[in-house]
Amino acid sequence: MTLSFDAAVIESAKKFAAQQGLSLSRFVELLLRKAISGGYQSIEDLPISDWVSMVAEGEAEYHTPKRKRKDLKDEFFKGKK
């Protein structure tokens, strides 16, 4: 598996992970485990901005595709069943 990150983020993440007694790999694994085990419905539900602010400077930016109104309505009514 290959992941690409901004060099400054990698350096900050390495420092943060080291302060926690973790390798960068374990730190990323921890974040991924939190994301997939929390029962989140979308990326907007994830508390990622809290996690990102631990290792990066500035605001987290999310780029998610626009969802059609019909899809949102279908999802809403599906959740009511």
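Select Glu29 and Arg26, whose side chains meet in a salt bridge with an N to O distance of 2.3 Å, bearing in mind throughout that this is a predicted model. Both residues belong to helix α2, which covers residues 24-37, and because they are 3 residues apart there, about one helical turn separates them. Glu29 has a relative accessible area of 26% and is therefore partly exposed, since that class lies between the 20% limit for buried and the 50% limit for exposed residues.

The protein chain has 4 helices and 0 strands, so that, read from the N terminus, its elements run α-α-α-α. A search of the whole structure finds 4 salt bridges, and two further examples are visited next.

Go to helix α1 and select Glu11 and Lys14, which lie 3 residues apart in that helix, about one turn. They form a salt bridge in which the closest N and O atoms are 3.9 Å apart. Glu11, at 43% relative accessibility, counts as partly exposed, and Lys14, at 42%, is likewise partly exposed.

Then move to helix α4, residues 69-79, and select Lys70 and Asp74, which are 4 residues apart, again about one turn of the helix. Their side chains meet in a salt bridge at 2.8 Å, N to O. Lys70 counts as exposed at 56% relative accessibility, whereas Asp74, at 35%, counts as partly exposed.

Return to helix α1, residues 7-19, and select Phe16, which lies within it. Is Phe16 buried or exposed? With a relative accessibility of 16%, Phe16 counts as buried, because the cut-off for that class is under 20%. If you draw a distance from the C-alpha of Phe16 to that of Phe27, the two are 8.9 Å apart in space, although 11 residues separate them in sequence.

Finally, select Met1, Leu3 and Phe5, which form a nonpolar patch on the surface with about 410 Å² of accessible area together. Met1 lies in the segment before α1 and, at 91% relative accessibility, counts as exposed.

Of the 81 residues in the protein chain, 10% are buried.

Conventions
Residues are numbered from 1 along each chain as its sequence is written. This is a predicted model: local features need pLDDT of at least 70, side-chain atom pairs count only at pLDDT 80 or more; totals for chains, interfaces and linings use all residues. Side-chain values use heavy atoms; hydrogens and water are left out. Helices (H or I, at least four residues) and strands (E, at least two) are DSSP runs, numbered from the N terminus. Buried means under 20% relative accessible area, exposed over 50%, partly exposed in between (1.4 Å probe, protein chains only). Patches are made of residues with over 30% relative accessible area and no salt bridge: like charges are joined within 9 Å, nonpolar side chains (Val, Leu, Ile, Met, Phe, Trp, Tyr) within 5 Å. Accessible areas come from the Shrake-Rupley method with a 1.4 Å probe; for residues, only the protein chains shown count as cover.
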